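Here is a short report on one protein model. Please keep the sequence and the 3D view at hand while reading.

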Amino acid sequence: TTERPGAADSETLATLHRVFGYEAFRGEQEAVIEHVVAGGDAVVLMPTGGGKSLCYQIPALVRPGTGVVVSPLIALMQDQVDALRALGVRAGFINSTQDFDERRMVEAEFLSGELDLLYLAPERLRVEATLDLLSRGKISVFAIDEAHCVSQWGHDFRPDYLTLSLLGERWSDVPRIALTATATHATHQEITQRLNLPAARHFVASFDRPNIQYRIVPKADPRKQLLAFLREEHAGDAGIVYCLSRNSVERTAEFLTANGIEAVPYHAGLDAGTRATHQARFLREEGLVVVATIAFGMGIDKPDVRFVAHLDLPKSIEGYYQETGRAGRDGLPSTAWMAYGLNDVIQQRKLIQSGEGDEAFRRRASAHLDAMLALCETARCRRGQLLAYFGQDPSAAGCGNCDTCLTPPETWDGTVAAQKVLSTVVRLQRERGQKFGAVQIIDILLGKRTAKVIQFDHDQLSVFGIGDELTEGEWRGVIRQLLAQGLLAVEGEYGTLVLTGESGSVLRREREVPLRKEPKKPAATRSGSGS
Ligand code: ADP
Ligand code: ZN
């Protein structure tokens, strides 16, 4: 492939200029495109906004035949095809939203060689009729988009992706390119194996998004905190606010609107028409805020999203990275802001325990959550932690553009505080055979004679009132960090606190427990651009 770079070069570059109107390739694009144009297989790991589409669109245009793009994003195919057609690219799609006549027309175009690009939903390839159709035309390249969907480990597993390995068997002379923005080592390996791409060349772009500032603040009154963040730093900016539940999406959108910030809700419970309208407004307008569940955003290409805010904890770092990655695709300064608190930890742990799935599934979900919690609780550079998670080397000095770099958190020796919490849990369990949640434990530590404390005689416990050196908020921070560190666990539907295998070492004073100090005020605001 390196013999005559000049010839391929000029044609791909000319296509970049003529069709897409761009000056130059970005990052790995050129290397990927050259390799695929020359007939090689490729696995491309590039962050959201990195420019994956051109990596298969240009080979499809340069090589003879039609480029077949497998994508799970059915809802976006029409938009993608329209955008390509506007550039003069002959593109079409086949999916379940079409009627018979529309599909027949696209099929005819494909067979007569009139298509540069054909988008297909993965389930189409289970159908022999589709494979038969593809065999009767000429294919230039297969692109498998969102390739992480083949990974059972990941968060977007789609069984139909498993059948895609047959493409290499039936079309052994057609190059295949698999692309994803999710790139842990495990996913990467699974993509290579399950899509049967042993000879592929691997292109791994940096996952760093230097223009995104990462910030994670302790959750107190999340909607008010969000409002202050938006007013101070992102007035008039477009952005996405993620919430866990539909209800919270609705209420947050109403709250923002009532406070003068234009916001619309988006979740799977809204009818398709409303969803489409809100999405279209977000893409078209300059300063709209979409408050959404994670149903929103996959494949959305809006370059000037200035912030992504999380009011609830994502389930995994992969999810967090993908969601925050929707900010700042244009390379301009943007913020990934999250409010995170004790209830997030308890709720997520409960969800895993009470949720569906077997033991192995639960273990994986727990591992994903643990990594996410470690990111939230770290006293080191957030970006460094993210990059390390994706197997990339962070700068040792820190990034200078995350909250922990900008305002290094203080740590304190929380050993005694941890012992107090754990002994209270032990006392209740051993002396009374009782289990309680965080609220009751904190009331006992603070020596509060609440109705519930009186009802259970908890003011008679020897630990009653031993913790008045910290505030309620500080105790919540201690418990949250103990949960994150695995020194305490959550059980059952009421989220009661129980010991773990590790708790004993703290109670026996065999180890120290360094904790992050809870900032009294939200982290310092950044200087420079934004609002
Ligand atoms: P991804 O699929 O990796 O998330 P896209 O392919 O959608 O990213 O590209 C992200 C944005 O960057 C798009 O708006 C695209 O048009 C733009 N883009 C891609 N490559 C280039 C380039 N070489 N020069 C300028 N803009 C580009
Ligand atoms: Zn940093």
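The sections below cover the sheet, the core, the helices and some loop residues.

## Basis of the model

This is a predicted model, in which local features need pLDDT of at least 70, side-chain atom pairs count only at pLDDT 80 or more, and totals for chains, interfaces and linings use all residues. Residues are numbered from 1 along each chain as its sequence is written, while chains are lettered from A and ligands numbered from 1 in the order in which they are written.

Helices (H or I, at least four residues) and strands (E, at least two) are DSSP runs, numbered from the N terminus.

## The parallel sheet

Six strands make an open sheet with parallel pairing. Their order is S8-S13-S12-S9-S11-S10. Two strands pair if DSSP finds at least two bridges between them. Strand S8 (212-218) and strand S10 (263-266) are the edges, and each pairs on one side only. From one strand to the next, the twist averages 15°.

S10 runs parallel to strand S11 (residues 289-292), and four bridges join them. Pro 265 stands opposite Val 291 of S11.

## The nonpolar core

The largest nonpolar core holds 139 residues. Such a core is a set of buried Ala, Val, Leu, Ile, Met, Phe, Trp, Tyr and Cys residues joined through C-beta atoms within 7 Å. A residue is buried if 20 or more other C-beta atoms lie within 10 Å of its own, exposed if 12 or fewer, and partly exposed in between, with C-beta atoms placed from the backbone. Val 44, Leu 118, Ile 177, Ala 178, Val 291 and Val 421 touch the most other members. Helix H3 (residues 52-62) gives the largest share of this core, seven residues.

Two residues are in contact if their C-beta atoms, placed from the backbone, lie within 7 Å. Neighbours within four places in sequence aside, Leu 118 is in contact with Thr 66, Val 68, Val 69, Gly 92, Phe 93, Ile 94 and Phe 110.

## Helices

Helix H17 (residues 415-432) packs on helix H20 (residues 472-484) at about 85°, with the axes 10 Å apart. H17 is therefore roughly perpendicular to H20. Axes are lines fitted to C-alpha atoms, for helices over the stretch in contact, and angles run from 0 to 180 degrees between N-to-C directions. Angles under 35 degrees count as roughly parallel, over 145 as roughly antiparallel, 65 to 115 as roughly perpendicular and the rest as oblique. Ala 417, Ala 418 and Val 421 of H17 meet Val 478, Ile 479 and Leu 482 of H20.

Helix H2 (residues 29-37) is largely enclosed by the rest of the structure, because eight of its nine residues are buried. Glu 30, Glu 34 and His 35 are among them. Gly 39 follows H2 and has a positive phi, near 100°.

## Loop residues

Val 150 sits in the loop between strand S5 (139-144) and helix H7 (166-170). With 29 C-beta neighbours inside 10 Å, Val 150 is buried. Its contacts beyond four places in sequence include Tyr 161, Leu 162 and Arg 194.

Leu 244 lies between strand S9 (239-242) and helix H10 (246-258). Leu 244 is partly exposed, with 19 other C-beta atoms within 10 Å. Its C-alpha is 7.9 Å from that of Leu 313, 69 residues apart along the chain.

Most residues other than glycine have a negative phi. Asp 457, in the loop between helix H19 (451-455) and H20, has a positive phi of about 60°. Asp 457 is exposed, with 10 other C-beta atoms within 10 Å.
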